[in-house]
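Below is a short briefing on one protein chain, grouped by topic. Please read it next to the sequence and the structure.

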Amino acid sequence: MSDQERHGGVGGRIWLVLLLALVCAAVLLVVLPRDDRGGDGSRGSTACRPRTVASWSADDKVTDAFARYGDDPTRTDDWTGGDGTHSVRLPDGRVLWLFSDTLLGQVHAPPNSAGQPHAWRDPNAPMVRNSAVVMSRSGTLERTLPTPLFSDPAPQQWRWPVAARVEPRTPGSDENVVRVLLWNRMASQGPWIYGVPLATEVATLSLPDLRVEGIVKVSDQQRVADPEKRVLYGVTTVDEDGWTYVFGGTDAQAASRPSSDAHVARVPHGRLADADAWEYWDGEEWGEGPSRSVLGDGGRKGVGSAFTVVRDERTYVLFTMAAGAEGLTDVMSYWSCSPTGPWHGPAKGFEAPLPKDSAARQDTAAYNPQVHPSLGGDGRVALSYDVNWLDPVPASAQANINRNVALYRPRFVSLRLAESR
């Protein structure tokens, strides 16, 4: 991939933000409990019940931690901004943060070249397709692993990391490793400006040194002729009864289809890297595939290409950006009693705070809501979202990101869920 293509990647992702916000749906769902055969669970003290966002507040502590780390002028080869934010807590208490397109380079104190009171980045700052940042047990961001952590699989292709989890190297083993789900995409012309989906892969990282040991393909989608029907898995995972449920989705591209479809697979604990162990929900039962959508009608009911799911007691709750123009700011919610649905919603979750600068607010958007169990606790859910600049011209979009480094970084909120009436 040429330098021009690499440096244009962020701009393409910015245009993607506008495209996703206006074209894709985002929702939070809560559903009645179901078993794997599709029946509703019984109502009791621990039964699945409708859930919604009761309250939320900005979590400035974690947001500021990334701002301080990215602004540190002593490093020139570390993370200064990125999106696609995911995390996993390691056995020793550290947290591994994973990002998709990432800007490196050095950050300079304000004012920027336009005289604005923003910290800024050099216009030719390097960009890599993925990165990983290590946070200490105390919550201090310590270092960026060598970038890119996951190399390009072929020319004009790249890997974006999504969900990650710690599991035994083999079932029953005392040795743990980190499994990272990866999206393999290929460069293309519009409307696939952020890449045609090719496959879902799983990387294995050693512990405690976080060295990439290998990458295997678990779901090859290249035989699916229509890219809009290809499913990439790993946007989020949830554990239940010895299974890891792996959620994924399609990419809606047409204006007539403003939302994407959510799908789900499951894998026995400890076997994420074993393609033969994956089972897919076909609408009636688990099998070898292909899968059927568990949420999405092509309109306002569905998900964006990035969404997240958390389990609150017996209830599954899903967060994603809203469909249409509201998708620039509004995170929506659905709920369900089973990973396979039925999902109920959408209902509004919260409006993601954007930069306070009035000029910036009208040109920025929130996207990619992600729950972080590594940070949650005390009955609250930690959720991040990414912020980007809206501009159909990649060069202009990237220039604005570099003029204000606070834009292309995750922001965090703390949610409290409650039973909906």
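Pro 290 sits in the loop between β19 (286-287) and β20 (308-312); helices (H or I, at least four residues) and strands (E, at least two) are DSSP runs, numbered from the N terminus. The model is predicted, so local features need pLDDT of at least 70 and side-chain atom pairs count only at pLDDT 80 or more, while totals for chains, interfaces and linings use all residues. Residues are numbered from 1 along each chain as its sequence is written, and side-chain values use heavy atoms, with hydrogens and water left out.

**Backbone geometry**

- The peptide bond from Gly 289 to Pro 290 is cis, with omega near 5°.
- Gly 345 and Pro 346 are also joined by a cis peptide bond, with omega about 5°; Pro 346 lies in strand β23 (residues 344-351).
- Gln 156, a residue other than glycine, has a positive phi near 70° and is found in the loop between β10 and β11.
- Leu 210 is not a glycine either, and its phi is positive at about 60°; Leu 210 lies in the loop between β13 (196-205) and β14.
- Most residues other than glycine have a negative phi, and most peptide bonds are trans.

**Overall chain**

- The protein chain has five helices and 26 strands.
- Of its 421 residues, 57% count as buried (under 20% relative accessible area; exposed is over 50%, partly exposed in between; 1.4 Å probe, protein chains only).
- Contacts (heavy atoms within 4.5 Å) with a separation of 6 or more come to 63% from residues 24 or more positions apart.
- The chain exposes about 16500 Å², of which carbon and sulfur atoms supply 48%; accessible areas come from the Shrake-Rupley method with a 1.4 Å probe, and for residues only the protein chains shown count as cover.

**Nonpolar cores**

- A nonpolar core is a set of buried Ala, Val, Leu, Ile, Met, Phe, Trp, Tyr and Cys residues joined through side-chain atoms within 4.5 Å.
- The largest nonpolar core has 38 residues, and Phe 247, Trp 278, Leu 295, Phe 307, Val 309, Leu 318 and Trp 343 have the most contacts inside it.
- Elements giving two or more residues to this core include β11 (157-168), β12 (176-186) and β21 (315-321).
- Apart from this core lies another, of 26 residues, among them Leu 354, Tyr 367, Leu 383 and Tyr 408.

**Helix α3**

- The twelve residues of α3 (residues 60-71) should span 16 Å at 1.5 Å a residue, and the end C-alpha atoms are 16 Å apart, which agrees; the expected span is 1.5 Å times one less than the number of residues.
- Val 62, Thr 63, Ala 65, Phe 66, Tyr 69 and Gly 70 are the buried residues of α3.
- Seen down the axis, these buried residues fall within an arc of 155°, so they line one face of the helix; the arc is that of the directions from the helix axis to the C-beta atoms.
- Lys 61 and Arg 68 are exposed on the other side of α3.
- The buried residues of α3 pack against elements including β4 (95-99), β9 (131-135) and β26 (410-419).

**Loop residues**

- Gln 221 lies in the loop between β14 (212-220) and β15 (232-240) and counts as buried because its relative accessibility is 11%.
- Ala 252, in the loop between β16 and β17, is buried at 3% relative accessibility.
- Ala 252 and Gly 304 are 52 residues apart in sequence and 8.0 Å apart in space, C-alpha to C-alpha.
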